[in-house]
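Q: I have this one open on the screen. Can we go through a few parts of it?
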Amino acid sequence: AAYRRDYKLGELCLVPNKKYVFEVFITANMSITLQKPDVDDRVFRNSETHLASHGYEHAEVNTGTWILYKEINYNEGISESSEDDIKILSSADNVVDISHHNGSMYLLPDDTDAIVLFKRFNFGGVNPNPMEYTKERHDDITADFPPGSPNGASSAFAVDVNRRWKLFKAVKCVGDFFVVEGRFPKFTTTFNDQVKSLAKE
């Protein structure tokens, strides 16, 4: 008989009617497996801000959508990161080389109603950390992303590519706005660090 490991319970469970087969059974909703030579693969289920010291070279997404970053803290140290500084992976990808994108990783929410705002271009930055919004409208997000400062919002990722969001320069979802649909890696100069409210279209 073979055994499988239940990572949630931390137990080895007998798998009946199977011989010489080892199954990895992940009970968490979303996970990614990171690999490096001569070391056992490691399964992660949450975002990680410091991966660089581990030297992982390959990744395989089991479930979910993950952003892999070149540097620690979601590329916080790169003030104007480019698309080359990240990799966006999903379960549709096979094993992927991440040897140049193994500094940190962010797990996008498993909620099609969510949009995530980021402090840096190309979905990066901490303090403030990426923030998830799911309600029909959010009249004031200035406590999360202070406008007119380096800590304002600079990029956005709508989990459902068919869900459109309006991002406004004023609180209470009035006045000038632009529309986000899917990935929006770099706000224009007019709206960069200036978004104060948002609403589903």
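Q: Which residue stands opposite Leu117 in E14?
A: Ala156 does. This is a predicted model, where local features need pLDDT of at least 70, side-chain atom pairs count only at pLDDT 80 or more, and totals for chains, interfaces and linings use all residues. Residues are numbered from 1 along each chain as its sequence is written, and side-chain values use heavy atoms, with hydrogens and water left out.

Q: How many bridges pair E11 and E14?
A: There are 4, in the antiparallel sense, between E11 (residues 115-118) and E14 (residues 155-158). Two strands pair if DSSP finds at least two bridges between them; helices (H or I, at least four residues) and strands (E, at least two) are DSSP runs, numbered from the N terminus.

Q: What order do the strands of the open sheet take?
A: E12-E11-E14-E17, with antiparallel pairing. E12 (131-133) and E17 (183-184) are at the edges with a single partner strand each, so one side of each has no neighbour in the sheet.

Q: New topic. Where is the cis peptide bond?
A: From Asn127 to Pro128, with omega near 10°. Pro128 is in the loop between E11 and E12.

Q: And Asn122, buried or exposed?
A: Asn122 is buried, at 6% relative accessible area (buried means under 20%, exposed over 50%, partly exposed in between, with a 1.4 Å probe and protein chains only). Asn122 lies in the loop between E11 and E12, and its phi is positive, near 55°.

Q: What about phi of Tyr74?
A: Positive too, about 50°, although Tyr74 is not a glycine. Tyr74 sits in helix H1 (residues 72-75) and is buried, with a relative accessible area of 6%.
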